[in-house]
Amino acid sequence: MSHPSQVQLTADGRLKHFLTTEDLSRELLTEILDTADSFISTQERSVKKVPLLRGKTVVNLFFENSTRTRSTFELAAKRLSADILNLDIARSATSKGETLMDTLWNLEAMYSDMFVVRHADSGAAHFIAEQVTPNVAIINAGDGRHAHPTQAMLDMLTIRRHKQQIEGQIVAIVGDILHSRVARSQIHALKTLGAAEVRVIGPATLLPRDIDSLGAKAFYRMEDGLKDCDVVIMLRLQKERMQNALLPSESEFFKLYGLTEQKLALAKPDAIVMHPGPINRGVEIESAVADGSQSVILNQVSYGIAVRMAVMAMAMSGQQGGEDNL
Amino acid sequence: MSSIVIRQARVIDPANQLDGIHDVRIVDGKIDALAPALDGDQIIDASGLWLTPGLIDLGAHLAEPGFAHKGNIASEAAAASRGGFTHICALPDSKPVADSAAVVQLIQEKSQQANAAEVLPLGALTQGLAGEQIANLFSLREAGCVAMSNARRPIKDSYVLRRLMEYAATYDIPLFLNANDAALAAGGCMHEGPVSTQLGLGGIPETAETAALAQIILLAEQVPVKLHISQISCGRSVAMLRNARSRGHAISADVPLANLLYTDEAVRGYNSQFHVQPPLRSEADRQALLQAVAEGELAISSNHRPHEIAAKKAPFAEAEPGLSMFDYFLPLALSLVDEQLSINALIHSLTCLPAEVVGKTAQLAPGADANLLLINPQATLTAQRSSLLSRGGNISCRGQQLTGIAHSVMRAGQWIHQAG
């Protein structure tokens, strides 16, 4: 297998698949943000569709349930005028060996142009990208703990639109970093786009031991990690973390890592608060903060459509013969 | 009675500290003489070749019985011969598992029919390898098992492990144990470190091995069992074994060749070929393991595990663990010689040490069984799936040019492999 950076780019450096934010250039990440910016204006019109993917078939290939993410990809594809097919596939039946390959070959035989892949295994989107024919684009909609690049890019767009630039910002990511594909993608994108510092905050049970190898700085106390931050990104906490000795209880987690107005006051006065949703109020964040003036959580949802449109359009143009159709 | 003379090979025999040009005569399946010049009925000109004892492997998954789509004893034993082995220990995780004399006898019969590397069965340590109820260890040894192993499957708890050791010690039955704390390793599919963090793959911490090893060593200090630790992967384990030996406990151990060749960096790109157990560890671990081999403290095992192509065609964590090692074992092992090992240390780790563990002899002295490996150190080949003798296509070195091949291999006076 090849390194993701080799798989997801065309020979001339354009986006062929979107698997990870790792190793993508600043120019390319910026191009995604700029393209997404242009789509935001189209979304504000009464007629929201653009014809960029007219005649193309996009398959939402979800091996792991996620109504929210699937819906945003579906909406993005529809607004690009693509035909979209939603497939929720029981992971146990298809993840292994030939069964997964059979699924892919069948979908290819239907002349699909793009697979949006969600899978519980890290590297699954990469694996599929290496197996499919060269004219199919793969968009990673979350693979295991590895990457969720479109979520990370919508977060970058949110930061850029609210803080004017990403360069120089101090960003804190709070919560379950260990299991978070979003955090890994955010860290790569933030470092490439010039953030001054990326901090991760959580108990040792939820921070990977080698998180510094990604270029992030680990903090175990909110009081230390939030100091002078420009951006606070709260992560969603899965309830099962309480059941396997990683955390004692939701209440203790909230006490130590829940974002309250009091804790937020440690960050810069104009710091923005983000969350990928859906929010566990009273677990990761208190309602006063989630609904407060510094929260940009709903804006993230709107930007999510634009970012996914941008990535889909760019990846399709990077496929063989793609440009002829755009 | 005809004789064979292998003439003018560089004879490397670590058991007798021998490294020089000699003639070797074989009569009736045994080594008859070593001398500067010998005559015989059949002369083999081996100038430019190296002659060593046949290699002995301490652990391979042969896929038979039960996994015919992955391989069988004939195919895997033939691949082992090509890799330089005259004897290979078969791990008991077949289907059915090797926990009865009937399965052991089947393995032996298949081995005899294969006329390749001889299979030395390892009996199941617990019934069904379930880690709970002791298997019929005495009967399994009588059936021909050279030692007992639970094949990396967990033992239920330390109480059961202690009783297994005590029962085996009663009858002086050797145990092969894997140091692997299943709870600490749970959810992991590669070494826990910066690479697993970056790839988002579940990590297996070093402590999954070292905590289990500490437990084994402490229990073994109470029970005088003949103990071998299979497939260690961490530098810290080497230090722990050294410490135990310094206190008088004769515990042997082996390291899989893959853990000497590769590190967790090989996993980047989610290359499922490198999904192996034990996992590939850090460069510091690799260096410590190489050092231990160089100092004669560790045997090298194949950990050969053939798979059909589909078993590896899956996302990394879902791909079945294991590498098919036998076909290219010798050139891959020889590639370490330039790095850190002397050829003598390498051959020692593949002959003397494993021979001691399984109660065999591996030497080129008069009277010894003629188990021989003739190496052509200059010959090159390109590793490719289409030329494998193993049924497993899951090799680590596909497309690579390798140097050094098994020119020919003899077991008990019979040629079991001759390079074409």
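Trainee: Which backbone oxygen does the side chain of R236(A) reach?
Mentor: The backbone oxygen of P278(A), at 2.6 Å. Keep in mind that this is a predicted model.

Trainee: Where is R236(A) found in chain A?
Mentor: In the loop that runs between strand 8 (231-234) and helix 10 (250-257).

Trainee: And why does R236(A) count as partly exposed?
Mentor: Because its relative accessibility is 29%, and partly exposed covers the range between under 20% for buried and over 50% for exposed.

Trainee: What is R236(A) in contact with, sequence neighbours within four places aside?
Mentor: The run H275(A), P276(A), G277(A), P278(A), I279(A) and N280(A), plus E284(A).

Trainee: Which residues does the UniProt "binding site" annotation cover?
Mentor: K96(A), R181(A) and R236(A), according to an unreviewed entry.

Trainee: Switching to packing. How many residues does the largest nonpolar core have?
Mentor: It has 101 residues, and M165(B) and I229(B) have the most contacts inside it. Helix 7 (residues 206-220) of chain B gives the most to this core, namely six residues. Domain 1 (3-50 + 368-418) and domain 2 (54-358) of chain B each supply at least three.

Trainee: What is M165(B) in contact with, again leaving aside neighbours within four places?
Mentor: L175(B), L177(B), I216(B), L219(B), A220(B), V223(B) and V225(B). Another core, of 63 residues, lies apart from that largest one, and its members include L24(A), L53(A), V116(A) and I187(A).

Note on methods: Residues are numbered from 1 along each chain as its sequence is written. Chains are lettered from A and ligands numbered from 1 in the order in which they are written. This is a predicted model: local features need pLDDT of at least 70, side-chain atom pairs count only at pLDDT 80 or more; totals for chains, interfaces and linings use all residues. Side-chain values use heavy atoms; hydrogens and water are left out. UniProt positions are given in the numbering used here, feature names are shortened, and annotations may be inferred rather than shown by experiment. Helices (H or I, at least four residues) and strands (E, at least two) are DSSP runs, numbered from the N terminus. Buried means under 20% relative accessible area, exposed over 50%, partly exposed in between (1.4 Å probe, protein chains only). Contact means heavy atoms within 4.5 Å. A polar contact is a pair of N or O atoms within 3.5 Å; within protein, one must be able to donate a hydrogen and the other to accept it, and residues adjacent in sequence count only if both atoms are side-chain atoms. A nonpolar core is a set of buried Ala, Val, Leu, Ile, Met, Phe, Trp, Tyr and Cys residues joined through side-chain atoms within 4.5 Å. Domain bounds come from an automatic or database domain assignment.
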